[in-house]
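Reader: Walk me through this one, please. Start with the ground rules, and then I'll ask about the details.

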Amino acid sequence: MSIEENVQIVKDFFAAMGGDKQGLLALAAEDIEWIIPGEDWPLAGTHRGHAGLADLLQKASEKMETSFPEPPEFVAHGDRVLVVGFARGKVKATNRTFEDHFVFAITVRNGKLTNIREYVDTQALARASQMDASGLA
């Protein structure tokens, strides 16, 4: 696949993150691995395969609201596509907001996403996920 085709596949994936679960799964390899670093926030961890991706998407929709106020930038070299952007969001359980400058490093092989590694502001996301001592945010 060409670099331009890889970028388009990643753009399609990001567009599908708005709620097209079947579209996301169609663009992901069966053995996809999505790594989200950090601790103390709902989406952190390593998510593998279509089942892991489906679980992550379900958890994200249940636990967080996220918007992307500006279109991200796509930078590609070979089978790697970097997505550089900014997101705003809220952790539903705490009602706390966050702002996150992020980079997604995505590997595309044979027209499918095989690996996603997020580089996010884990501290901001963990802070937004923490409950105060009374159990209320």
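Author: Helices (H or I, at least four residues) and strands (E, at least two) are DSSP runs, numbered from the N terminus. This is a predicted model, so to speak: local features need pLDDT of at least 70, side-chain atom pairs count only at pLDDT 80 or more, and totals for chains, interfaces and linings use all residues. Residues are numbered from 1 along each chain as its sequence is written, and side-chain values use heavy atoms, with hydrogens and water left out.

Reader: Which element gives the largest share of the lining of the largest pocket?

Author: A pocket is an open set of points on a 1 Å grid where a 1.4 Å probe fits, with protein on both sides within 12 Å along at least five of seven lines, and a lining residue has an atom within 4 Å of a point. This one has a volume (the space filled by probe spheres set on the points) of about 710 Å³. Its lining takes two or more residues from each of α1 (3–16), α2 (21–27), β1 (28–36), α3 (49–63), β3 (64–67) and β6 (96–109). The largest share, 6 residues, comes from α3.

Reader: And of the 30 residues that line the largest pocket, which are the closest to its centre?

Author: The volume there is about 710 Å³. Closest to the centre, of the 30 lining residues, are Met17, Leu43, Ala60, Thr66 and Phe68.

Reader: His47 next: buried or exposed?

Author: His47 sits in strand β2 (residues 45–48). Beyond its neighbours within four places in sequence, His47 is in contact (heavy atoms within 4.5 Å) with Ile32, Glu33, Trp34, Ile36, Gly52 and Leu56. Under 20% relative accessible area is buried, over 50% exposed and in between partly exposed, using a 1.4 Å probe and protein chains only. With 9% relative accessibility, His47 therefore goes down as buried.

Reader: What separates the C-alpha atoms of Ile116 and Thr46?

Author: Ile116 belongs to strand β7 (residues 112–119) and is buried because its relative accessibility is 0%. Leaving out residues up to four places away in sequence, Ile116 touches residues including Phe13, Ile32, Trp34 and Phe104. Thr46 is 70 residues from Ile116 along the chain, yet their C-alpha atoms are separated by 9.8 Å.

Reader: What about the C-alpha atoms of His77 and Asn6, how are they separated?

Author: His77 is in strand β4 (residues 73–77). With a relative accessible area of 66%, His77 is exposed. Asn6 lies 71 residues away along the chain, and the C-alpha separation is 9.4 Å.

Reader: How many salt bridges does a search of the whole structure find?

Author: A salt bridge here means a side-chain nitrogen of Lys or Arg within 4 Å of a carboxyl oxygen of Asp or Glu. One of them joins Lys90 to Glu65, with the closest N and O atoms 4.0 Å apart. That pair links strand β5 (residues 80–91) to strand β3, 25 residues apart. Searching the whole structure gives a count of 4.

Reader: Asp79 forms a salt bridge with which residue?

Author: The closest N and O atoms of this pair are 3.1 Å apart. Asp79 is in the loop between β4 and β5, and its partner, 30 residues apart, is in strand β6.

Reader: Last one: how far apart are the closest N and O atoms of Glu99 and Arg88?

Author: Glu99 is partly exposed at 46% relative accessibility, and Arg88 is partly exposed at 39%. The two form a salt bridge, with their closest N and O atoms apart by 3.2 Å.
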